[in-house]
Amino acid sequence: QVQLVESGGGLVQTGGSLRVSCTASGSIFSINAMGWYRQAPGNQRELVAHITRSGSTNYADSVKGRFTISRDNAKNSVYLQMNSLKPEDTAVYYCYADVRDGFSFKTRDYWGQGTQVTVSS
């Protein structure tokens, strides 16, 4: 089994910054893609940012130029630096990882429990 644990959410004013982190642990042979989704009340979950093992990234148009995704493969971790935050960024942020299991060598996606990010106006 694999667990993803997020941290770093919280309350921030408009224009502020936050960094959320996510670390995977458990039966891990390797991790391919990692990334972040978010879900605001009444909305569908949407992709925020995605990063491959080699470091290629892509972002939702709404966060380009403000958010930066990065990862540390040695720590099985992914990070999301969020700058110039807006009230519309308020959501629960979920990390995910495409993991190859250390015993079965099968791959599947795992999700974190979510961390709340609230941007006050």
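Which residues do ring pairs link into a cluster?

A: Ring pairs link Y37, Y96 and W111 into a cluster. Before the details, please note that this is a predicted model, in which local features need pLDDT of at least 70 and side-chain atom pairs count only at pLDDT 80 or more, while totals for chains, interfaces and linings use all residues. Residues are numbered from 1 along each chain as its sequence is written, and side-chain values use heavy atoms, with hydrogens and water left out.

The structure holds 4 aromatic pairs, where rings of Phe, Tyr and Trp (for Trp, its six-membered ring) pair if their centres lie within 6.5 Å, and where planes under 30 degrees apart count as stacked, over 60 as edge-to-face and the rest as tilted. One of them joins Y37 and Y96 in an edge-to-face arrangement, with 5.4 Å from centre to centre and 65 degrees between the planes. Because Y37 belongs to strand 4 and Y96 to strand 9, this pair ties together parts that are 59 residues apart in sequence; strands here are DSSP runs (E, at least two residues), numbered from the N terminus.

Y96 counts as buried, at 7% relative accessibility, whereas Y37 is partly exposed, with a relative accessible area of 23% (buried means under 20% relative accessible area, exposed over 50%, and partly exposed in between, with a 1.4 Å probe and protein chains only). Y96 also meets W111: the ring centres are 5.4 Å apart and the planes stand at 40 degrees, so this pair is tilted. Since Y96 lies in strand 9 and W111 in strand 10 (residues 107–111), the pair ties together parts that are 15 residues apart in sequence. W111 itself is partly exposed, its relative accessible area being 37%.

The sulfur atoms of C22 and C95 are 1.9 Å apart, a disulfide being a pair of cysteine sulfur atoms within 2.5 Å. The torsion about the S-S bond of C22 and C95 is about 45 degrees, so the disulfide is right-handed. C22 counts as buried at 0% relative accessibility, and C95 counts as buried at 0% relative accessibility too.

Definitions and conventions. Helix = DSSP H or I, 4+ residues; strand = E, 2+ residues; numbered from the N terminus.
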